[in-house]
2 protein chains.
Amino acid sequence: MRVFLDCLPCFLRQTLDAVRFVTNDEQIHERVVRQVLELVNNIDAGQTPPAIGQQIHRVIRRATENVDPYRQRKDDSNELAMRLYPQLKERIKNSSHPLEMAVRLAIAGNVMDFGVYSTLDDAEVVKTVDRALVEGLDPARVEEFAQAVGDAREILYLGDNAGEIVFDRLLIEELPPGKVTFAVRGAPVLNDATREDAERAGLTDLVAVIENGSDAPGTILEDCSEQFWQRFDQSDLVIAKGQGNYECLSGIDKDVFFLLTVKCPVIATDLGCDVGQMILRRGGVTSK
Amino acid sequence: MRVFLDCLPCFLRQTLDAVRFVTNDEQIHERVVRQVLELVNNIDAGQTPPAIGQQIHRVIRRATENVDPYRQRKDDSNELAMRLYPQLKERIKNSSHPLEMAVRLAIAGNVMDFGVYSTLDDAEVVKTVDRALVEGLDPARVEEFAQAVGDAREILYLGDNAGEIVFDRLLIEELPPGKVTFAVRGAPVLNDATREDAERAGLTDLVAVIENGSDAPGTILEDCSEQFWQRFDQSDLVIAKGQGNYECLSGIDKDVFFLLTVKCPVIATDLGCDVGQMILRRGGVTSK
(Lines give C-alpha, C1' and ligand atoms only; values in the text may rest on other atoms or scores of the structure.)
Protein backbone atom coordinates (compact mmCIF):
# COMPACT_ATOMS: atom_id res chain seq x y z
CA MET A 1 0.00 0.00 0.00
CA ARG A 2 1.52 3.31 -1.03
CA VAL A 3 1.85 6.33 1.21
CA PHE A 4 -0.91 8.93 1.22
CA LEU A 5 -0.66 12.65 1.85
CA ASP A 6 -2.70 12.00 5.00
CA CYS A 7 0.33 10.15 6.38
CA LEU A 8 2.40 13.36 6.50
CA PRO A 9 0.72 14.97 9.55
CA CYS A 10 1.12 11.63 11.31
CA PHE A 11 4.83 11.42 10.45
CA LEU A 12 5.34 14.90 11.90
CA ARG A 13 3.49 13.95 15.06
CA GLN A 14 5.64 10.82 15.40
CA THR A 15 8.75 12.97 14.99
CA LEU A 16 7.64 15.32 17.76
CA ASP A 17 6.79 12.42 20.05
CA ALA A 18 10.12 10.74 19.46
CA VAL A 19 12.31 13.80 19.97
CA ARG A 20 10.40 14.75 23.10
CA PHE A 21 10.89 11.26 24.54
CA VAL A 22 14.62 11.86 24.19
CA THR A 23 15.21 15.50 25.13
CA ASN A 24 13.52 18.67 26.38
CA ASP A 25 15.81 20.83 24.25
CA GLU A 26 13.45 22.74 21.95
CA GLN A 27 16.26 23.67 19.59
CA ILE A 28 16.85 19.98 18.93
CA HIS A 29 13.10 19.44 18.49
CA GLU A 30 13.01 22.16 15.85
CA ARG A 31 16.15 20.99 14.07
CA VAL A 32 14.87 17.42 13.78
CA VAL A 33 11.42 18.54 12.61
CA ARG A 34 13.04 20.65 9.89
CA GLN A 35 15.15 17.68 8.76
CA VAL A 36 12.02 15.53 8.60
CA LEU A 37 10.10 18.23 6.68
CA GLU A 38 12.96 18.33 4.20
CA LEU A 39 12.87 14.55 3.90
CA VAL A 40 9.11 14.21 3.40
CA ASN A 41 9.14 17.03 0.88
CA ASN A 42 11.42 14.93 -1.28
CA ILE A 43 9.90 11.49 -0.85
CA ASP A 44 8.96 9.16 -3.64
CA ALA A 45 5.17 8.96 -3.27
CA GLY A 46 5.20 5.40 -4.62
CA GLN A 47 6.77 4.07 -1.41
CA THR A 48 4.88 2.40 1.42
CA PRO A 49 4.35 4.30 4.70
CA PRO A 50 6.79 2.00 6.56
CA ALA A 51 9.50 2.70 3.94
CA ILE A 52 9.16 6.42 4.65
CA GLY A 53 8.79 5.83 8.38
CA GLN A 54 12.08 3.94 8.26
CA GLN A 55 13.89 6.95 6.78
CA ILE A 56 12.23 9.38 9.18
CA HIS A 57 13.11 7.40 12.29
CA ARG A 58 16.69 7.00 11.08
CA VAL A 59 16.88 10.81 10.89
CA ILE A 60 15.40 11.08 14.38
CA ARG A 61 17.80 8.55 15.90
CA ARG A 62 20.81 10.10 14.23
CA ALA A 63 19.89 13.69 15.10
CA THR A 64 19.11 12.89 18.73
CA GLU A 65 22.05 10.47 19.03
CA ASN A 66 19.67 8.01 20.65
CA VAL A 67 19.43 4.53 19.19
CA ASP A 68 16.08 3.73 20.78
CA PRO A 69 13.87 6.74 21.64
CA TYR A 70 10.86 4.54 22.48
CA ARG A 71 12.70 2.19 24.91
CA GLN A 72 10.89 3.47 27.99
CA ARG A 73 7.48 3.24 26.25
CA LYS A 74 8.25 -0.29 25.13
CA ASP A 75 9.22 -1.29 28.66
CA ASP A 76 6.00 0.23 30.00
CA SER A 77 3.93 -1.59 27.37
CA ASN A 78 5.59 -4.92 28.05
CA GLU A 79 5.06 -4.53 31.77
CA LEU A 80 1.41 -3.60 31.39
CA ALA A 81 0.75 -6.52 29.07
CA MET A 82 2.59 -8.95 31.35
CA ARG A 83 0.46 -7.75 34.26
CA LEU A 84 -2.67 -8.47 32.20
CA TYR A 85 -1.37 -11.82 30.95
CA PRO A 86 -2.63 -14.11 33.78
CA GLN A 87 -6.22 -12.86 33.61
CA LEU A 88 -6.24 -12.95 29.78
CA LYS A 89 -4.88 -16.50 29.87
CA GLU A 90 -7.72 -17.38 32.23
CA ARG A 91 -10.26 -15.86 29.86
CA ILE A 92 -8.98 -17.97 27.00
CA LYS A 93 -9.02 -21.10 29.17
CA ASN A 94 -12.61 -20.50 30.22
CA SER A 95 -13.78 -19.58 26.74
CA SER A 96 -16.02 -21.89 24.73
CA HIS A 97 -13.82 -21.14 21.69
CA PRO A 98 -10.27 -20.55 22.99
CA LEU A 99 -8.71 -19.95 19.55
CA GLU A 100 -11.28 -17.29 18.70
CA MET A 101 -10.75 -15.64 22.07
CA ALA A 102 -6.97 -15.66 21.51
CA VAL A 103 -7.42 -14.16 18.02
CA ARG A 104 -9.59 -11.41 19.47
CA LEU A 105 -7.01 -10.61 22.13
CA ALA A 106 -4.14 -10.63 19.63
CA ILE A 107 -6.01 -8.10 17.53
CA ALA A 108 -6.88 -6.01 20.60
CA GLY A 109 -3.21 -5.93 21.62
CA ASN A 110 -2.46 -4.12 18.38
CA VAL A 111 -3.84 -0.97 20.03
CA MET A 112 -0.45 -0.57 21.76
CA ASP A 113 0.89 1.53 18.90
CA PHE A 114 2.90 4.69 19.53
CA GLY A 115 3.09 5.23 15.78
CA VAL A 116 -0.55 6.25 15.96
CA TYR A 117 -1.06 7.37 19.55
CA SER A 118 1.16 9.91 21.30
CA THR A 119 0.08 8.63 24.66
CA LEU A 120 -1.51 5.40 25.69
CA ASP A 121 -2.66 4.76 29.19
CA ASP A 122 -3.43 1.46 30.85
CA ALA A 123 -7.16 2.23 30.90
CA GLU A 124 -7.24 2.58 27.10
CA VAL A 125 -5.63 -0.83 26.64
CA VAL A 126 -8.00 -2.49 29.11
CA LYS A 127 -10.97 -0.80 27.39
CA THR A 128 -9.84 -2.09 24.00
CA VAL A 129 -9.46 -5.59 25.40
CA ASP A 130 -12.97 -5.48 26.84
CA ARG A 131 -14.35 -4.22 23.54
CA ALA A 132 -12.50 -6.94 21.63
CA LEU A 133 -14.33 -9.63 23.57
CA VAL A 134 -17.72 -8.57 22.28
CA GLU A 135 -16.98 -6.94 18.92
CA GLY A 136 -18.21 -8.61 15.74
CA LEU A 137 -15.70 -11.01 14.19
CA ASP A 138 -16.94 -13.17 11.32
CA PRO A 139 -17.15 -16.75 12.70
CA ALA A 140 -16.56 -18.13 9.19
CA ARG A 141 -13.31 -16.20 8.99
CA VAL A 142 -12.21 -17.53 12.38
CA GLU A 143 -12.99 -21.07 11.15
CA GLU A 144 -10.95 -20.40 8.00
CA PHE A 145 -8.07 -19.23 10.20
CA ALA A 146 -8.36 -22.33 12.41
CA GLN A 147 -8.35 -24.54 9.32
CA ALA A 148 -5.33 -22.75 7.84
CA VAL A 149 -3.21 -22.98 10.99
CA GLY A 150 -4.20 -26.66 11.30
CA ASP A 151 -3.21 -27.39 7.71
CA ALA A 152 0.00 -25.36 7.68
CA ARG A 153 3.34 -27.06 8.03
CA GLU A 154 5.33 -23.94 8.93
CA ILE A 155 3.84 -20.70 10.19
CA LEU A 156 5.75 -17.41 10.21
CA TYR A 157 4.25 -14.98 12.71
CA LEU A 158 5.28 -11.35 12.05
CA GLY A 159 5.11 -9.36 15.27
CA ASP A 160 4.42 -5.68 15.46
CA ASN A 161 4.75 -3.74 18.71
CA ALA A 162 6.18 -4.13 22.19
CA GLY A 163 3.49 -4.99 24.72
CA GLU A 164 1.36 -6.30 21.88
CA ILE A 165 3.66 -9.29 21.60
CA VAL A 166 2.45 -10.53 24.98
CA PHE A 167 -0.97 -10.77 23.32
CA ASP A 168 0.71 -12.54 20.39
CA ARG A 169 2.13 -15.03 22.87
CA LEU A 170 -1.43 -15.78 24.06
CA LEU A 171 -2.44 -16.59 20.48
CA ILE A 172 0.69 -18.60 19.74
CA GLU A 173 0.01 -20.71 22.82
CA GLU A 174 -3.28 -21.70 21.14
CA LEU A 175 -1.66 -22.57 17.79
CA PRO A 176 -0.47 -26.11 16.99
CA PRO A 177 2.92 -26.58 18.72
CA GLY A 178 6.13 -26.83 16.75
CA LYS A 179 4.96 -24.91 13.71
CA VAL A 180 5.52 -21.27 14.59
CA THR A 181 8.49 -19.00 14.08
CA PHE A 182 8.11 -15.49 15.46
CA ALA A 183 9.80 -12.58 13.65
CA VAL A 184 10.74 -9.27 15.24
CA ARG A 185 12.30 -6.16 13.69
CA GLY A 186 16.07 -6.26 13.21
CA ALA A 187 16.64 -2.97 15.07
CA PRO A 188 14.66 -0.44 17.13
CA VAL A 189 12.16 1.69 15.25
CA LEU A 190 9.14 3.36 16.84
CA ASN A 191 7.77 1.06 19.57
CA ASP A 192 8.08 -1.97 17.32
CA ALA A 193 9.09 -5.18 19.02
CA THR A 194 12.71 -6.35 18.83
CA ARG A 195 14.36 -9.47 20.27
CA GLU A 196 14.61 -7.78 23.67
CA ASP A 197 10.81 -7.45 23.81
CA ALA A 198 10.29 -11.03 22.67
CA GLU A 199 12.48 -12.13 25.58
CA ARG A 200 10.54 -10.02 28.07
CA ALA A 201 7.25 -11.40 26.76
CA GLY A 202 8.52 -14.94 27.26
CA LEU A 203 8.27 -15.67 23.54
CA THR A 204 11.87 -16.84 23.18
CA ASP A 205 11.13 -19.72 25.58
CA LEU A 206 8.10 -20.75 23.54
CA VAL A 207 9.05 -20.60 19.86
CA ALA A 208 11.95 -19.81 17.56
CA VAL A 209 12.37 -16.04 17.38
CA ILE A 210 14.18 -14.52 14.42
CA GLU A 211 15.10 -10.94 13.61
CA ASN A 212 14.11 -9.69 10.18
CA GLY A 213 17.28 -7.69 9.68
CA SER A 214 15.50 -4.43 8.97
CA ASP A 215 14.78 -1.22 10.88
CA ALA A 216 11.53 -0.48 9.02
CA PRO A 217 8.28 -0.26 11.02
CA GLY A 218 6.83 -3.02 8.86
CA THR A 219 8.10 -5.88 6.73
CA ILE A 220 9.84 -4.55 3.61
CA LEU A 221 10.95 -7.85 2.12
CA GLU A 222 13.78 -6.43 0.01
CA ASP A 223 15.19 -4.79 3.15
CA CYS A 224 15.12 -7.99 5.23
CA SER A 225 17.95 -10.44 5.81
CA GLU A 226 18.61 -13.64 3.88
CA GLN A 227 17.83 -15.66 7.00
CA PHE A 228 14.42 -14.00 7.11
CA TRP A 229 13.77 -14.62 3.41
CA GLN A 230 14.49 -18.30 3.86
CA ARG A 231 12.03 -18.59 6.70
CA PHE A 232 9.48 -16.54 4.76
CA ASP A 233 9.82 -18.78 1.68
CA GLN A 234 9.68 -21.99 3.73
CA SER A 235 6.53 -20.98 5.55
CA ASP A 236 3.25 -21.94 3.94
CA LEU A 237 1.30 -19.56 6.17
CA VAL A 238 2.10 -16.06 7.41
CA ILE A 239 0.33 -14.33 10.29
CA ALA A 240 1.01 -10.60 9.97
CA LYS A 241 0.21 -8.30 12.86
CA GLY A 242 -0.54 -4.60 12.66
CA GLN A 243 -0.81 -1.76 10.20
CA GLY A 244 2.86 -1.60 9.19
CA ASN A 245 2.97 -5.25 8.14
CA TYR A 246 -0.36 -4.83 6.33
CA GLU A 247 0.92 -1.78 4.47
CA CYS A 248 3.97 -3.69 3.28
CA LEU A 249 2.38 -7.07 2.49
CA SER A 250 -1.23 -6.40 1.50
CA GLY A 251 -0.49 -7.02 -2.18
CA ILE A 252 1.88 -9.96 -1.82
CA ASP A 253 1.54 -13.37 -3.48
CA LYS A 254 1.55 -15.46 -0.30
CA ASP A 255 -1.01 -16.97 2.06
CA VAL A 256 -1.24 -14.31 4.77
CA PHE A 257 -3.71 -13.62 7.55
CA PHE A 258 -3.65 -9.98 8.62
CA LEU A 259 -4.64 -9.29 12.22
CA LEU A 260 -4.92 -5.66 13.19
CA THR A 261 -6.90 -2.93 14.86
CA VAL A 262 -7.62 -0.19 12.32
CA LYS A 263 -6.22 3.02 13.75
CA CYS A 264 -6.17 5.49 10.86
CA PRO A 265 -8.46 6.62 8.03
CA VAL A 266 -5.94 5.72 5.32
CA ILE A 267 -5.89 2.05 6.33
CA ALA A 268 -9.65 2.10 6.91
CA THR A 269 -10.22 3.30 3.35
CA ASP A 270 -7.87 0.67 1.95
CA LEU A 271 -9.62 -2.09 3.91
CA GLY A 272 -13.10 -0.70 3.30
CA CYS A 273 -13.92 -0.52 7.01
CA ASP A 274 -14.15 1.99 9.85
CA VAL A 275 -11.43 3.27 12.15
CA GLY A 276 -11.51 1.25 15.36
CA GLN A 277 -12.59 -1.98 13.67
CA MET A 278 -10.89 -5.29 14.44
CA ILE A 279 -9.62 -7.01 11.32
CA LEU A 280 -8.95 -10.70 10.63
CA ARG A 281 -8.45 -10.85 6.89
CA ARG A 282 -6.89 -13.34 4.55
CA GLY A 283 -4.82 -11.69 1.86
CA GLY A 284 -2.39 -12.88 -0.70
CA VAL A 285 -2.72 -15.56 -3.33
CA THR A 286 -5.71 -17.33 -1.84
CA SER A 287 -7.98 -14.30 -2.01
CA LYS A 288 -7.30 -13.68 -5.69
CA MET B 1 1.13 33.37 21.36
CA ARG B 2 3.86 32.00 19.13
CA VAL B 3 3.53 28.98 16.90
CA PHE B 4 4.53 25.57 18.22
CA LEU B 5 5.92 22.58 16.35
CA ASP B 6 2.67 20.82 17.25
CA CYS B 7 0.91 23.24 14.90
CA LEU B 8 2.67 21.77 11.85
CA PRO B 9 0.69 18.51 11.59
CA CYS B 10 -2.46 20.60 11.94
CA PHE B 11 -1.39 22.99 9.16
CA LEU B 12 -0.81 20.01 6.87
CA ARG B 13 -4.21 18.56 7.69
CA GLN B 14 -5.84 21.94 6.97
CA THR B 15 -4.03 22.03 3.64
CA LEU B 16 -5.31 18.58 2.70
CA ASP B 17 -8.86 19.48 3.74
CA ALA B 18 -8.83 22.70 1.76
CA VAL B 19 -7.44 21.27 -1.49
CA ARG B 20 -9.85 18.34 -1.30
CA PHE B 21 -12.79 20.69 -0.86
CA VAL B 22 -11.77 22.29 -4.15
CA THR B 23 -10.64 19.43 -6.40
CA ASN B 24 -10.29 15.65 -6.64
CA ASP B 25 -7.11 16.01 -8.68
CA GLU B 26 -4.44 14.22 -6.61
CA GLN B 27 -1.63 15.86 -8.55
CA ILE B 28 -2.90 19.25 -7.39
CA HIS B 29 -3.22 17.91 -3.82
CA GLU B 30 0.41 16.82 -3.87
CA ARG B 31 1.68 20.01 -5.49
CA VAL B 32 -0.04 22.20 -2.90
CA VAL B 33 1.13 20.05 0.00
CA ARG B 34 4.72 20.32 -1.25
CA GLN B 35 4.40 24.10 -1.50
CA VAL B 36 3.09 24.23 2.06
CA LEU B 37 5.87 21.94 3.31
CA GLU B 38 8.38 24.30 1.68
CA LEU B 39 6.69 27.24 3.36
CA VAL B 40 6.51 25.79 6.87
CA ASN B 41 10.10 24.62 6.62
CA ASN B 42 11.13 28.25 6.24
CA ILE B 43 8.84 29.94 8.73
CA ASP B 44 9.92 32.34 11.41
CA ALA B 45 9.07 30.43 14.58
CA GLY B 46 8.40 33.69 16.41
CA GLN B 47 5.17 34.26 14.50
CA THR B 48 1.69 33.46 15.77
CA PRO B 49 -0.18 30.45 14.34
CA PRO B 50 -2.67 32.73 12.51
CA ALA B 51 0.22 34.60 10.84
CA ILE B 52 1.48 31.30 9.44
CA GLY B 53 -2.04 30.11 8.66
CA GLN B 54 -2.54 33.29 6.65
CA GLN B 55 0.47 32.48 4.45
CA ILE B 56 -0.52 28.83 4.08
CA HIS B 57 -4.08 29.58 3.03
CA ARG B 58 -2.85 32.18 0.55
CA VAL B 59 -0.71 29.44 -1.02
CA ILE B 60 -3.72 27.10 -1.10
CA ARG B 61 -6.04 29.67 -2.68
CA ARG B 62 -3.47 30.70 -5.28
CA ALA B 63 -2.48 27.14 -6.18
CA THR B 64 -6.07 25.92 -6.48
CA GLU B 65 -7.23 29.15 -8.15
CA ASN B 66 -10.14 29.19 -5.71
CA VAL B 67 -10.71 32.31 -3.63
CA ASP B 68 -12.86 30.58 -1.04
CA PRO B 69 -12.30 26.81 -0.62
CA TYR B 70 -14.46 26.63 2.52
CA ARG B 71 -17.52 28.42 1.02
CA GLN B 72 -19.71 25.30 1.01
CA ARG B 73 -18.72 24.40 4.58
CA LYS B 74 -19.48 27.93 5.69
CA ASP B 75 -22.91 27.81 4.05
CA ASP B 76 -23.64 24.48 5.72
CA SER B 77 -22.54 25.83 9.12
CA ASN B 78 -24.65 28.97 8.77
CA GLU B 79 -27.69 26.94 7.78
CA LEU B 80 -27.29 24.51 10.65
CA ALA B 81 -26.89 27.32 13.17
CA MET B 82 -29.88 29.22 11.75
CA ARG B 83 -31.99 26.07 12.11
CA LEU B 84 -30.92 25.81 15.76
CA TYR B 85 -31.43 29.55 16.39
CA PRO B 86 -35.16 29.54 17.38
CA GLN B 87 -34.77 26.82 20.01
CA LEU B 88 -31.57 28.37 21.39
CA LYS B 89 -33.30 31.75 21.59
CA GLU B 90 -36.09 30.05 23.52
CA ARG B 91 -33.59 28.52 25.92
CA ILE B 92 -32.07 31.91 26.66
CA LYS B 93 -35.53 33.42 27.14
CA ASN B 94 -36.53 30.71 29.61
CA SER B 95 -33.22 30.79 31.47
CA SER B 96 -32.94 32.19 34.98
CA HIS B 97 -29.72 33.94 33.86
CA PRO B 98 -30.14 34.80 30.17
CA LEU B 99 -26.72 36.49 29.79
CA GLU B 100 -24.92 33.48 31.23
CA MET B 101 -26.88 31.16 28.96
CA ALA B 102 -26.00 33.32 25.96
CA VAL B 103 -22.31 33.32 26.95
CA ARG B 104 -22.39 29.53 27.23
CA LEU B 105 -23.95 29.19 23.79
CA ALA B 106 -21.51 31.68 22.22
CA ILE B 107 -18.62 29.60 23.56
CA ALA B 108 -20.27 26.35 22.42
CA GLY B 109 -20.68 27.79 18.90
CA ASN B 110 -16.90 28.02 18.67
CA VAL B 111 -16.85 24.28 18.05
CA MET B 112 -17.75 25.03 14.39
CA ASP B 113 -14.09 25.22 13.43
CA PHE B 114 -12.77 23.60 10.27
CA GLY B 115 -9.30 24.78 11.20
CA VAL B 116 -9.34 22.04 13.83
CA TYR B 117 -11.87 19.52 12.58
CA SER B 118 -11.82 18.02 9.09
CA THR B 119 -15.47 17.14 9.32
CA LEU B 120 -18.16 18.38 11.60
CA ASP B 121 -21.61 16.89 11.61
CA ASP B 122 -24.78 18.38 12.99
CA ALA B 123 -24.85 15.86 15.84
CA GLU B 124 -21.44 17.03 17.09
CA VAL B 125 -22.61 20.66 17.21
CA VAL B 126 -25.84 19.74 19.03
CA LYS B 127 -23.85 17.60 21.49
CA THR B 128 -21.48 20.48 22.21
CA VAL B 129 -24.42 22.82 22.78
CA ASP B 130 -25.99 20.37 25.21
CA ARG B 131 -22.69 20.00 27.04
CA ALA B 132 -22.25 23.77 27.19
CA LEU B 133 -25.48 24.13 29.13
CA VAL B 134 -24.23 22.08 32.04
CA GLU B 135 -20.45 22.56 31.98
CA GLY B 136 -18.76 24.45 34.78
CA LEU B 137 -18.35 28.18 34.10
CA ASP B 138 -17.16 30.32 37.00
CA PRO B 139 -20.21 32.41 38.10
CA ALA B 140 -17.85 35.14 39.36
CA ARG B 141 -16.32 35.41 35.88
CA VAL B 142 -19.76 35.65 34.31
CA GLU B 143 -20.61 38.44 36.77
CA GLU B 144 -17.36 40.21 35.88
CA PHE B 145 -18.31 39.93 32.20
CA ALA B 146 -21.82 41.28 32.90
CA GLN B 147 -20.31 44.19 34.83
CA ALA B 148 -17.80 44.96 32.07
CA VAL B 149 -20.36 44.97 29.24
CA GLY B 150 -22.63 47.13 31.41
CA ASP B 151 -19.85 49.63 32.13
CA ALA B 152 -18.42 49.72 28.59
CA ARG B 153 -19.19 52.61 26.28
CA GLU B 154 -18.15 50.88 23.07
CA ILE B 155 -17.73 47.14 22.62
CA LEU B 156 -15.84 45.61 19.71
CA TYR B 157 -16.89 41.99 19.18
CA LEU B 158 -14.35 40.02 17.11
CA GLY B 159 -16.10 37.16 15.34
CA ASP B 160 -14.45 33.90 14.44
CA ASN B 161 -16.18 31.31 12.28
CA ALA B 162 -19.18 30.98 9.97
CA GLY B 163 -22.08 29.26 11.74
CA GLU B 164 -20.58 30.27 15.06
CA ILE B 165 -21.61 33.86 14.37
CA VAL B 166 -25.27 32.85 14.72
CA PHE B 167 -24.35 31.94 18.30
CA ASP B 168 -22.59 35.31 18.58
CA ARG B 169 -25.83 36.95 17.49
CA LEU B 170 -27.61 35.26 20.39
CA LEU B 171 -25.09 36.76 22.81
CA ILE B 172 -25.13 40.19 21.18
CA GLU B 173 -28.91 40.23 21.52
CA GLU B 174 -28.35 39.97 25.29
CA LEU B 175 -25.77 42.77 25.42
CA PRO B 176 -26.76 46.41 26.05
CA PRO B 177 -28.10 47.79 22.75
CA GLY B 178 -26.20 50.44 20.80
CA LYS B 179 -22.74 49.55 22.12
CA VAL B 180 -21.58 46.72 19.90
CA THR B 181 -19.64 46.71 16.64
CA PHE B 182 -19.06 43.29 15.12
CA ALA B 183 -15.84 42.64 13.17
CA VAL B 184 -15.38 39.97 10.52
CA ARG B 185 -12.30 39.00 8.52
CA GLY B 186 -11.54 41.17 5.52
CA ALA B 187 -11.37 38.23 3.08
CA PRO B 188 -12.05 34.49 3.08
CA VAL B 189 -9.61 32.30 5.02
CA LEU B 190 -10.46 28.86 6.40
CA ASN B 191 -14.11 28.84 7.51
CA ASP B 192 -13.72 32.21 9.22
CA ALA B 193 -16.72 34.51 9.02
CA THR B 194 -16.74 37.32 6.46
CA ARG B 195 -19.37 39.99 5.77
CA GLU B 196 -21.38 37.48 3.72
CA ASP B 197 -21.74 35.24 6.78
CA ALA B 198 -22.68 38.16 9.02
CA GLU B 199 -25.48 38.97 6.56
CA ARG B 200 -26.73 35.39 6.53
CA ALA B 201 -26.69 35.26 10.33
CA GLY B 202 -28.79 38.42 10.48
CA LEU B 203 -26.02 40.33 12.26
CA THR B 204 -25.91 43.20 9.79
CA ASP B 205 -29.52 44.07 10.69
CA LEU B 206 -28.65 44.11 14.39
CA VAL B 207 -25.32 45.93 14.79
CA ALA B 208 -22.65 47.73 12.81
CA VAL B 209 -20.50 45.14 11.04
CA ILE B 210 -16.99 46.05 9.92
CA GLU B 211 -14.37 44.10 8.03
CA ASN B 212 -10.92 43.99 9.59
CA GLY B 213 -9.11 44.28 6.26
CA SER B 214 -7.04 41.14 6.76
CA ASP B 215 -7.10 37.57 5.46
CA ALA B 216 -5.51 36.07 8.58
CA PRO B 217 -7.46 33.47 10.58
CA GLY B 218 -7.19 35.69 13.64
CA THR B 219 -6.70 39.36 14.41
CA ILE B 220 -3.17 40.45 13.50
CA LEU B 221 -3.45 44.14 14.36
CA GLU B 222 -0.63 45.34 12.12
CA ASP B 223 -2.29 43.56 9.20
CA CYS B 224 -5.72 45.16 9.78
CA SER B 225 -7.15 48.25 8.11
CA GLU B 226 -7.05 51.78 9.47
CA GLN B 227 -10.85 51.70 9.84
CA PHE B 228 -10.48 48.64 12.07
CA TRP B 229 -7.71 50.24 14.15
CA GLN B 230 -9.91 53.26 14.82
CA ARG B 231 -12.75 51.07 16.03
CA PHE B 232 -10.33 48.99 18.08
CA ASP B 233 -8.82 52.08 19.74
CA GLN B 234 -12.23 53.66 20.40
CA SER B 235 -13.63 50.55 22.06
CA ASP B 236 -13.10 50.25 25.78
CA LEU B 237 -14.00 46.57 25.75
CA VAL B 238 -13.18 43.81 23.26
CA ILE B 239 -14.93 40.44 23.10
CA ALA B 240 -12.67 38.07 21.16
CA LYS B 241 -14.04 34.75 19.96
CA GLY B 242 -12.07 31.62 19.21
CA GLN B 243 -8.54 30.29 19.19
CA GLY B 244 -7.21 32.44 16.35
CA ASN B 245 -8.16 35.69 18.05
CA TYR B 246 -6.78 34.38 21.34
CA GLU B 247 -3.48 33.43 19.73
CA CYS B 248 -3.11 36.94 18.30
CA LEU B 249 -4.34 39.02 21.21
CA SER B 250 -3.57 37.04 24.38
CA GLY B 251 -0.66 39.33 25.25
CA ILE B 252 -2.20 42.65 24.27
CA ASP B 253 -2.57 45.73 26.46
CA LYS B 254 -6.34 46.10 26.18
CA ASP B 255 -9.43 45.02 28.13
CA VAL B 256 -10.40 41.81 26.33
CA PHE B 257 -12.69 38.93 27.21
CA PHE B 258 -11.74 35.75 25.37
CA LEU B 259 -14.57 33.30 24.70
CA LEU B 260 -13.56 29.99 23.18
CA THR B 261 -13.81 26.25 23.22
CA VAL B 262 -10.32 24.78 23.64
CA LYS B 263 -9.73 22.47 20.71
CA CYS B 264 -6.02 21.74 20.71
CA PRO B 265 -3.29 20.81 23.20
CA VAL B 266 -1.17 23.86 22.35
CA ILE B 267 -3.89 26.30 23.39
CA ALA B 268 -4.79 24.11 26.36
CA THR B 269 -1.20 24.30 27.62
CA ASP B 270 -1.09 28.06 27.12
CA LEU B 271 -4.37 28.51 29.01
CA GLY B 272 -3.53 25.90 31.64
CA CYS B 273 -6.68 23.90 31.00
CA ASP B 274 -7.85 20.74 29.22
CA VAL B 275 -8.84 20.23 25.59
CA GLY B 276 -12.62 20.50 25.32
CA GLN B 277 -12.96 23.07 28.10
CA MET B 278 -15.12 26.18 27.68
CA ILE B 279 -13.18 29.36 28.36
CA LEU B 280 -14.40 32.79 29.47
CA ARG B 281 -11.23 34.63 30.40
CA ARG B 282 -10.34 38.26 30.86
CA GLY B 283 -7.00 39.11 29.35
CA GLY B 284 -5.14 42.28 28.67
CA VAL B 285 -4.31 45.18 30.92
CA THR B 286 -6.82 44.42 33.66
CA SER B 287 -5.39 41.01 34.46
CA LYS B 288 -1.87 42.30 34.98
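Mentor: Keep in mind that this is a predicted model. Chain A has 12 helices and six strands. Its C-alpha trace spans about 55 × 40 × 35 Å along the principal axes. A compact globule of 288 residues would have a radius of gyration near 19 Å, and chain A, with 18 Å, agrees with that. Of the 288 residues in chain A, 50% are buried. Now take the contacts in chain A with a separation of 6 or more: 72% of them join residues 24 or more positions apart.

Now the sheet itself. Six strands of chain A form an open sheet, and their order is E3-E2-E1-E4-E5-E6. The pairing is mixed. At the edges stand strand E3 (208–211) and strand E6 (278–283) of chain A, and each pairs on one side only. From one strand to the next, the twist averages 20°. What holds neighbouring strands together? Strands of a sheet pair through backbone hydrogen bonds, either parallel or antiparallel.

Look at one pair. Strand E2 (residues 180–184) of chain A runs parallel to E3(A), and four bridges join them. Helix H10 (residues 226–234) of chain A touches E1, E2 and E3 of chain A. The direction of H10(A) makes about 130° with that of E3(A).

Next, pick out Phe182(A). The largest nonpolar core has 174 residues, and Leu105(A), Phe182(A) and Leu105(B) touch the most other members. Which residues does Phe182(A) touch, not counting those up to four places away in sequence? They are Tyr157(A), Gly159(A), Ile172(A), Ala198(A), Leu203(A), Val207(A) and Val209(A).

Move to helix H11 (residues 242–249) of chain A. Eight of its eight residues are buried, so the helix is largely enclosed by the rest of the structure. The buried residues of H11(A) include Gly242(A), Tyr246(A), Cys248(A) and Leu249(A). Gln243(A), Asn245(A) and Glu247(A) are buried too. What covers them? Parts of the sheet do: strand E1 (155–158), strand E4 (237–241) and strand E5 (256–261) of chain A are included in the cover. Helix H3 (49–64) and helix H12 (265–271) of chain A belong to the cover as well.

Turn to the other chain for its sheet. In chain B, six strands form an open sheet in the order E3-E2-E1-E4-E5-E6, with mixed pairing. Strand E3 (208–211) and strand E6 (278–282) of chain B are at the edges, each with a single partner strand, so one side of each has no neighbour in the sheet. The twist in this sheet averages 20° from one strand to the next. Strand E1 (residues 155–158) and strand E4 (residues 237–241) of chain B pair in the parallel sense over four bridges. There, Tyr157(B) stands opposite Ile239(B) in E4(B). Helix H5 (residues 98–109) of chain B packs on this sheet, touching strand E5 (256–261) and E6 of chain B.

Last, see where the chains meet. The contact takes 16 residues from chain A and 16 residues from chain B. On the side of chain A, helix H1 (7–22) and helix H2 (26–40) are the elements that give two or more residues. H2(A) gives the most, with seven residues. By class, this side of chain A has nine nonpolar, two polar and five charged residues.

Conventions. Residues numbered from 1 in each chain as written. Chains lettered and ligands numbered in written order. Predicted model: local features only at pLDDT ≥ 70, side-chain atom pairs only at ≥ 80, totals over all residues. Rg over C-alpha atoms; globule rule 2.2 N^0.38 Å. Buried ≥ 20, exposed ≤ 12 C-beta atoms within 10 Å, placed from the backbone. Contact = placed C-beta atoms within 7 Å. Pairing = 2+ DSSP bridges. Axes fitted to C-alpha atoms, helices over the stretch in contact; angles between N-to-C directions. Core = buried A, V, L, I, M, F, W, Y, C linked by C-beta atoms within 7 Å. Nonpolar A, V, L, I, M, F, W, Y, C, P; charged D, E, K, R; others polar.
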